[in-house]
Amino acid sequence: MTPASLPAHAQVADELQALEASLDPSELHGSLCGYVSGGGKHDRTGWFAAVMSDPLVSPPAADGALDQLYQASTAQLESPDFGFELLLPEGDRPVSERGDALLAWCRGFLGGFGLAAGANPPLSEESGEALADMARIASSDLSYEEPEADAEALEEVSEFVRVAVMLLHSDCVLGPRHRRKLN
């Protein structure tokens, strides 16, 4: 059974704008996924305040785009079929917009992951390398000179980030959960 799909990037942008939250939808999704992958508390009403680091922020409206984002993201991360997706602008948007959104996604992920996992998360060597690579991606300065080649490279980097997130989630959330079941 395939987990729920993410809401459209534009839907999340509209809801963030209505909340007067000046945050890129991709960065918010990265923050949410980092927080959950780092072992942050699964809390449908409290996740937004946690990733915004503001306990006074109201929870997203039930069944709104942000609520759908939370539900789909957590289901995808928990799914054994590796159906996890990154919330990035649609494929018909310019490669520069999609590339900048990927960098924002990675920055958000690193912040959310650090918030939940702390300074010394229980990472395998492979996960540690993947996290370091994501930090390099987040701090990259992209130039767009060959749209077709750039789009192909963006797809490859996006796939790397997607797999890295699943690996980090496995180390910090799924692995400890399975070890607790065995004890």
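A contact here means heavy atoms within 4.5 Å. The model is predicted: local features need pLDDT of at least 70, side-chain atom pairs count only at pLDDT 80 or more, and totals for chains, interfaces and linings use all residues. Residues are numbered from 1 along each chain as its sequence is written, and side-chain values use heavy atoms, with hydrogens and water left out.

**View 1. Ser73 and the residues it touches.** Leaving aside residues up to four places away in sequence, Ser73 touches Leu6, His29, Leu32 and Cys33. Ser73 counts as buried because its relative accessibility is 1% (buried means under 20% relative accessible area, with a 1.4 Å probe and protein chains only).

**View 2. Ser73 within its helix.** Ser73 sits in helix H4, which covers residues 65–78 (helices are DSSP runs of H or I with at least four residues, numbered from the N terminus). From here, the side chain of Ser73 reaches the backbone oxygen of Leu69 at 2.7 Å; a polar contact is a pair of N or O atoms within 3.5 Å, and within protein one must be able to donate a hydrogen and the other to accept it, while residues adjacent in sequence count only if both atoms are side-chain atoms.

**View 3. The fold around the site.** Stepping back, the chain has seven helices and zero strands (strands being DSSP runs of E with at least two residues). Of the 183 residues in the chain, 44% are buried. Among contacts between residues at least 6 apart in sequence, 74% join residues at least 24 apart.

Terms used
Buried means under 20% relative accessible area, exposed over 50%, partly exposed in between (1.4 Å probe, protein chains only).
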